[in-house]
Amino acid sequence: MNTDPIADYLTRVRNAIKANHRVVEIPASNIKKEITKVLYKKGYIQSYRFDDAAVQGTIKIALKYNPATKKPAITKLERISTPGLRQYAHVENLPRVLSGLGIAILSTSKGVMTEKEAKAENVGGEVLCYVY
């Protein structure tokens, strides 16, 4: 049993990027699926597929690289809120990542979204991770 599934998700993606893999396969959960959708919507991954054949299911993520320089689209994935120390942000003090160049993924009462979407929806929530 894994104590922090979101950290495991981020570590698998981080390790696949460092090893220059094109596709990474991750055990699925609802929050991981929502994080994957946010990463795809913001252009950090090329594509994804949810395979629900098994009991838990898997997420297959095609990582995105620059065709000319072969640099990954994701430079850094950083877990912020951990099971031992939850980090919450009110709508007035939502984090800005790299002065707006990166994104912070939040879990709010209206679902998983970026900090800009949360500000537009006027909701705060748990800061899951930073991506840039």
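1. A definition to start with: the expected span of a helix is 1.5 Å times one less than its number of residues. In this predicted model, helix α1 covers residues 5–18, and its 14 residues should therefore span 20 Å.

2. Staying with α1, its buried residues are Ile6, Tyr9, Leu10, Val13, Ala16 and Ile17. Because they cover an arc of only 125° around the axis, they sit on the same side of α1. Their packing partners are β1 (23–27), α2 (30–41), β3 (58–63), β4 (77–79) and β8 (125–131). Just after the helix, have a look at Asn20, which takes a positive phi of about 55°.

3. On the chain as a whole, you will find three helices and eight strands, running α-β-α-β-β-β-β-β-β-α-β from the N terminus. Of the contacts between residues at least 6 apart in sequence, 60% join residues at least 24 apart.

4. For 132 residues, a compact globule would have a radius of gyration near 14 Å, so the 15 Å of this chain agrees. The C-alpha trace spans about 40 × 40 × 25 Å along its principal axes. Buried residues account for 39% of the 132. The chain exposes about 7600 Å², with carbon and sulfur atoms supplying 51% of that area.

5. Finally, Tyr88 in strand β5 (residues 88–89) deserves a glance. Its relative accessibility is 59%, so Tyr88 counts as exposed, the cut-off being over 50%. Leaving aside neighbours within four places in sequence, Tyr88 is in contact with Gly125 and Glu126. Leu106, 18 residues from Tyr88 in sequence, is 8.8 Å from Tyr88, C-alpha to C-alpha.

Notes: Residues are numbered from 1 along each chain as its sequence is written. This is a predicted model: local features need pLDDT of at least 70, side-chain atom pairs count only at pLDDT 80 or more; totals for chains, interfaces and linings use all residues. Side-chain values use heavy atoms; hydrogens and water are left out. Helices (H or I, at least four residues) and strands (E, at least two) are DSSP runs, numbered from the N terminus. Buried means under 20% relative accessible area, exposed over 50%, partly exposed in between (1.4 Å probe, protein chains only). The arc is that of the directions from the helix axis to the C-beta atoms. Contact means heavy atoms within 4.5 Å. The radius of gyration is taken over C-alpha atoms; the globule rule is 2.2 Å times the number of residues to the power 0.38. Accessible areas come from the Shrake-Rupley method with a 1.4 Å probe; for residues, only the protein chains shown count as cover.
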